[in-house]
Structures are given as C-alpha cells and as structure tokens.
Amino acid sequence: MLADKLKNIQQRIDRACTDHHRQLNDVCLLAVSKRKSAALIRQAYNLGQHDFGENYLQEVLDKQSSLDDLPIKWHFIGQIQSNKTGPIAENFSWVHSVDRLKIAQRLSQQRPQHLPPLNICLQINIDNEDSKAGFDITTAQTEAAAISTLPNIVLRGLMAIPATQQAFTEQRHAFAKLKCCFNEINASLGNNKMDTLSMGMSQDLEAAIAEGATIIRIGTALFGSRD
Ligand SMILES: *Cc1c(COP(=O)(O)O)cnc(C)c1O
C-alpha cells in the first residue's frame with residue numbers, strides 16, 4: 001500500500017539523518033511519478049506528499065491538467081530537448097536536468113514574468129558515462145558562473161545520477177564527488193550561493209544523505225517498479 005511505502009521511506013530518511021548527523025528538515029523527498037497515473041499522484045498528495053518529479057513532458061502535461069485542483073510542486077527531472085523548453089519554463093517550479101548553457105538560456109527567456117523565478121539544478125555527469133547527460137565535472141564551474149547571472153531562473157544546485165553501485169562505500173564515493181564539485185562552484189559564485197544537492201534514489205538514498213543530499217528523488221521504492 002502506498003501509505004506503508006511512504007512511511008517506510010520516511011523511516012529510511014529519518015534513520016539516515018540520525019546516523020549521519022543531518023537535520024530531518026534539510027532533506028526533501030521528491031516523489032518520482034513517471035509512468036504512474038494521476039490517480040496515484042492524487043493519492044500520494046492526500047498522504048502529505050507535495051513535490052513530484054517527472055521525466056516525460058507530454059505525459060506530465062496530461063497529468064497536470066487532471067490534477068490542477070491540487071497545489072502540487074512539479075519538478076522536471078528528464079532529458080530536455082531544446083525545442084521543448086517553453087512548456088517546461090511555464091509548468092514547473094524546478095528543473096533538475098539542465099545539461100547545457102543553451103537550455104538554461106532558453107528557460108530564462110521563456111519563464112513567464114508573472115511566475116516566481118524557475119529553480120534550476122545543473123546535471124553533472126559524475127562518472128563520465130557516455131550513456132548519461134550532464135555537464136562535465138571539469139567545465140561545470142565556468143558554465144555555472146554564466147548560468148548564475150541569467151534572469152528569471154535561480155541556480156539552486158547540482159544533480160547527478162551516478163553509475164549503479166551496490167556497495168555503500170562506492171555509492172558514497174560518487175556522491176562525495178558531486179559534493180566536492182558543489183563546494184568548488186559555490187566558492188567561486190560570490191553572493192548567489194547554491195543550496196541544493198539533488199542526489200539519491202531508491203537504492204542509494206542513505207549514501208546520498210550521508211554526503212549531504214537535500215533532495216532525494218524516489219520512484220520505485222514509493223510507487224513500485226515501472227513497466
Ligand atoms: C526515474 C528517476 C528517479 C527515480 O529512480 P528510482 O530508482 O525508481 O527511485 C530518480 N531520478 C531520475 C533523474 C530519474 O529519471
């Protein structure tokens with residue numbers, strides 16, 4: 001049952017925060033609802049879950065229209081085609097998957113003026129995998145400096161999807177790399193410091209919390225496997 005799964009994840013978060021000396025309030029649970037129905041999202045909302053992450057634009061726009069009576073905070077976490085930035089700029093509070101300067105520029109231009117600035121994270125290809133999107137860890141600092149000056153968007157932090165690892169130490173190692181990149185960029189940013197590390201999924205949320213995650217993105221452990 002969804003209520004049990006949500007409770008179970010909250011317990012995992014609680015325990016990881018205790019074990020690694022983190023404040024419970026500093027870790028936000030983002031429910032990843034791709035390939036899951038609007039009805040299930042509504043059920044999760046009614047259980048107190050208010051932030052939802054989605055990967056596929058058309059799918060989420062459809063769900064948003066049937067859930068528009070709920071003040072859900074929507075996060076876009078999927079790959080972004082540059083011709084799709086308009087609806088992303090218009091329909092989300094957060095975008096975690098900004099992976100090139102051009103995307104940030106377009107989101108900045110297309111964010112409607114009547115909405116608060118769009119919160120963005122830069123996706124970092126932390127393990128340098130050909131199969132994954134994201135900025136190279138060595139060039140991210142220069143790109144972040146350029147992006148942090150754009151209007152209508154706020155550079156909030158970094159996001160990564162590390163290569164799958166089973167062992168806790170290996171999982172932690174990848175997240176530590178992201179944290180290190182985050183600290184380096186922040187040291188160069190002046191007044192507009194980032195405050196968000198979007199890292200950790202169903203299999204590795206404990207390791208991510210140990211290394212400072214502020215948003216964990218949980219799909220399978222909450223909604224079951226995806227077909
Ligand atoms: C699907 C997805 C998740 C959720 O992963 P689970 O392993 O199902 O918890 C998190 N982040 C991103 C970017 C995803 O695409």
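How do the residues of the shell around the ligand divide into nonpolar, polar and charged? The shell holds 5 nonpolar, 4 polar and 3 charged residues. Here Ala, Val, Leu, Ile, Met, Phe, Trp, Tyr, Cys and Pro count as nonpolar, Asp, Glu, Lys and Arg as charged, and the others, Gly among them, as polar.

This is a predicted model: local features need pLDDT of at least 70, side-chain atom pairs need 80 or more, and totals for chains, interfaces and linings use all residues. Residues are numbered from 1 along each chain as its sequence is written, and side-chain values use heavy atoms, without hydrogens or water.

**Ligand**
- The ligand takes the space of the largest pocket (more than half of its atoms lie within 2 Å of the grid points).
- Residues around the ligand include Val32, Asn55, Ile77, Gly219 and Arg226 (a heavy atom within 4 Å).
- A side-chain N or O atom of Lys34 is 2.6 Å from a ligand oxygen.
- For Thr220, a side-chain N or O atom is 2.5 Å from an oxygen atom of the ligand.
- Arg217 places a polar side-chain atom 2.8 Å from a ligand nitrogen.
- On its own the ligand has 390 Å² of accessible area, and the protein covers 89% of this (Shrake-Rupley method, 1.4 Å probe).

**Largest pocket**
- The largest pocket has about 390 Å³ of space.
- Its lining has 24 residues, with Ile161, Met201, Ser202, Asp204 and Arg217 closest to the centre.
- Helix H7 (168-188) and strand E8 (215-218) each give two or more residues to this lining (DSSP runs, helices H or I of at least four residues, strands E of at least two, numbered from the N terminus).
- H7 gives the most, with 3 residues.
- By class, the lining has 10 nonpolar, 9 polar and 5 charged residues.

**Second largest pocket**
- The second largest pocket has a volume of about 200 Å³.
- Of its 13 lining residues, Gln64, Ile72, Trp74, Asn91 and Phe92 lie nearest the centre.

**Terms**
- A pocket is an open set of points on a 1 Å grid over the protein atoms alone, where a 1.4 Å probe fits, with protein on both sides within 12 Å along at least five of seven lines; lining residues have an atom within 4 Å of a point.
- Points are joined across faces, edges and corners, and a volume is the space filled by probe spheres set on them.

Conventions:
A polar contact is a pair of N or O atoms within 3.5 Å; within protein, one must be able to donate a hydrogen and the other to accept it, and residues adjacent in sequence count only if both atoms are side-chain atoms.
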